[in-house]
Amino acid sequence: MIRIGKADDNDVVLDDPHVSRYHAHLIRQEGAWLLEDLSSTNGTYVNELQISKKRIVSTDRIRLGGSYYTSLPEILKSKNDYSEEFAALRNVYDRYVQAKVKIQSSNQFKIRLMQTFAFAVIPVAGMIFGLVKGLSLFFTAGFLLIAICIPTVGIYMAAKQSAKVPQLLQDLVNQFKIDYVCPKCGTFLGEIPWESLINRKYCPLSSCKAKWTDEEAS
């Protein structure tokens with residue numbers, strides 16, 4: 001629970017003449033935030049509609065009293081709570097892993113396809129040569145040329161495809177280092193799975209200690 005009001009013993013203390021001493025509180029309920037007015041003098045409003053109790057999301061505009069505007073992210077940050085932003089990092093990590101696997105598997109497929117095609121040409125050319133071998137020396141020279149050049153080209157194309165992968169992976173990693181960071185201090189979180197990080201509950205940096213989950217640390 002996060003208590004909001006003008007009194008000093010609130011979790012979020014607001015210095016505003018139109019805010020009551022104990023104006024409202026936020027309660028985490030079934031994965032959502034519930035904002036409840038505590039019989040305040042000037043009321044609590046969500047998107048300019050007065051409420052007594054209402055589930056809210058990050059985009060809702062909250063007004064306490066006559067003129068104090070705030071939002072769910074602002075209230076949570078006053079408690080060093082970055083659980084909403086940290087939850088979004090789950091998709092960042094999942095997309096990174098999927099993109100990495102896609103690059104690697106696609107590369108392997110293309111290399112095998114090129115190599116298979118190159119060496120498959122030889123028996124096909126041999127069959128053709130067998131059918132026309134009595135016609136001229138031209139076909140003999142052509143078969144030898146195919147037998148030598150096609151595999152060479154296939155190997156070259158496969159090597160060229162392999163050379164693209166390090167840069168593609170590096171570009172992916174560079175973007176991941178920008179996106180997969182503590183939402184408060186911006187420290188890169190490494191390639192540690194999101195599920196493992198959330199078990200830590202807080203940013204490990206002593207200068208940050210942002211809350212990554214709204215659950216109490218055990």
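Helices (H or I, at least four residues) and strands (E, at least two) are DSSP runs, numbered from the N terminus. The model is predicted, so local features need pLDDT of at least 70 and side-chain atom pairs count only at pLDDT 80 or more, while totals for chains, interfaces and linings use all residues. Residues are numbered from 1 along each chain as its sequence is written, and side-chain values use heavy atoms, with hydrogens and water left out.

**The chain**

Four helices and nine strands make up the secondary structure, and their order along the sequence is β-β-β-β-β-β-β-β-β-α-α-α-α. Of the 218 residues, 33% are buried, that is, under 20% relative accessible area with a 1.4 Å probe and protein chains only; over 50% is exposed, and partly exposed lies in between. Among contacts (heavy atoms within 4.5 Å) with a separation of 6 or more, 41% join residues 24 or more positions apart. The accessible surface, from the Shrake-Rupley method with a 1.4 Å probe, is about 13,300 Å², and carbon and sulfur atoms hold 59% of that area.

**The loop between β5 and β6**

N47 lies in the loop between β5 (44-46) and β6 (49-51), and E48 is found in the loop between β5 and β6 as well. Most residues other than glycine have a negative phi. N47 has a positive phi although it is not a glycine, and the phi of E48, also a residue other than glycine, is positive.

| Residue | Phi | Relative accessibility |
|---|---|---|
| N47 | about 55 degrees | 40%, partly exposed |
| E48 | near 70 degrees | 39%, partly exposed |
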